[in-house]
Amino acid sequence: MWTTDGQRGPDIWIRGPVPAPDPVPPLHPPVATPRRFSWVATHGGAGSTTLAAVYGGHDCGRGWPGAGDPPSVLLVARTHATGLESALRALEAFRRGGAPQGLELDAVVIVADAPGRLPRPLVQRVREIESVIDVYRVPWVADWRLGDLAGGPPRETQPLSRLTGAAAGRAR
């Protein structure tokens, strides 16, 4: 095919359309991995060690995550008055910049300190925490008190299980 100035045009005018090449599959297909978290206890006995064992992630105890630890933080507190107050103090530390640079506070996980319903003043404290950040609740698990962590996460904690990538479904 010739153009108006006597030059030959592009080959597509001569040969027609060229089919698209077949897509090349990636060498390593993408694999979704669960997000890793650092569990930070806001007070002694909060349950961060148990939660890390059941849900996965890194147990930081009462310290902030170090350089090699996951920067995504889940604060842990019990549902008694002291535990909820310590959670509020830790939230305030994050708000004021008291936590190390590079950490990301994802949620507060409150662990039942006893079986049964919370008294009204403690419910109000939980609501105060929920007004500023996501809160995940973990019920009283008698087996955990005895050191039996083999049953996996309680069914009531499915939202936390989804967040951490743990398998939920313990029958209670």
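A salt bridge here is a side-chain nitrogen of Lys or Arg within 4 Å of a carboxyl oxygen of Asp or Glu. The model is predicted, so local features need pLDDT of at least 70 and side-chain atom pairs count only at pLDDT 80 or more, while totals for chains, interfaces and linings use all residues. Residues are numbered from 1 along each chain as its sequence is written, and side-chain values use heavy atoms, with hydrogens and water left out.

**View 1. Glu92 and Arg96 meet in a salt bridge.** Their side chains come to 2.6 Å, N to O. Glu92 is partly exposed at 28% relative accessible area, and Arg96 is exposed at 64% (buried is under 20%, exposed over 50% and partly exposed in between, using a 1.4 Å probe and protein chains only).

**View 2. Glu85, Arg125 and Glu128 form a network of salt bridges.** Follow Arg125 to Glu85 and you will find 2.6 Å, N to O. That pair links distant parts of the chain, from Arg125 in helix H4 (residues 120-130) to Glu85 in helix H3, 40 residues apart. Helices (H or I, at least four residues) and strands (E, at least two) are DSSP runs, numbered from the N terminus. Turning to Glu128, its salt bridge with Arg125 spans 2.9 Å, N to O. Glu128 and Arg125 are three residues apart in helix H4, so about one helical turn separates them. Arg125 is partly exposed at 29%, Glu85 is partly exposed at 28%, and Glu128 is partly exposed at 37%.

**View 3. Trp39 and Tyr55 make a tilted aromatic pair.** Rings of Phe, Tyr and Trp (its six-membered ring) pair if their centres lie within 6.5 Å; planes under 30 degrees apart are stacked, over 60 edge-to-face, and the rest tilted. By this rule there are two aromatic pairs. Here the ring centres are 6.1 Å apart and the planes meet at 40°, so the pair is tilted. Trp39 sits in strand S1 (residues 38-41) and Tyr55 in helix H2 (residues 48-55), 16 residues apart. Trp39 is buried at 0% relative accessibility, and Tyr55 is buried at 4%.

**View 4. Trp64 and Phe94 pair edge-to-face.** Their centres are 5.2 Å apart, with 85° between the planes. Trp64 lies in the loop between strand S2 (58-59) and strand S3 (72-78), and Phe94 belongs to helix H3 (residues 81-95), so the pair ties together parts 30 residues apart in sequence. Trp64 is partly exposed at 33%, whereas Phe94 is buried at 16%.
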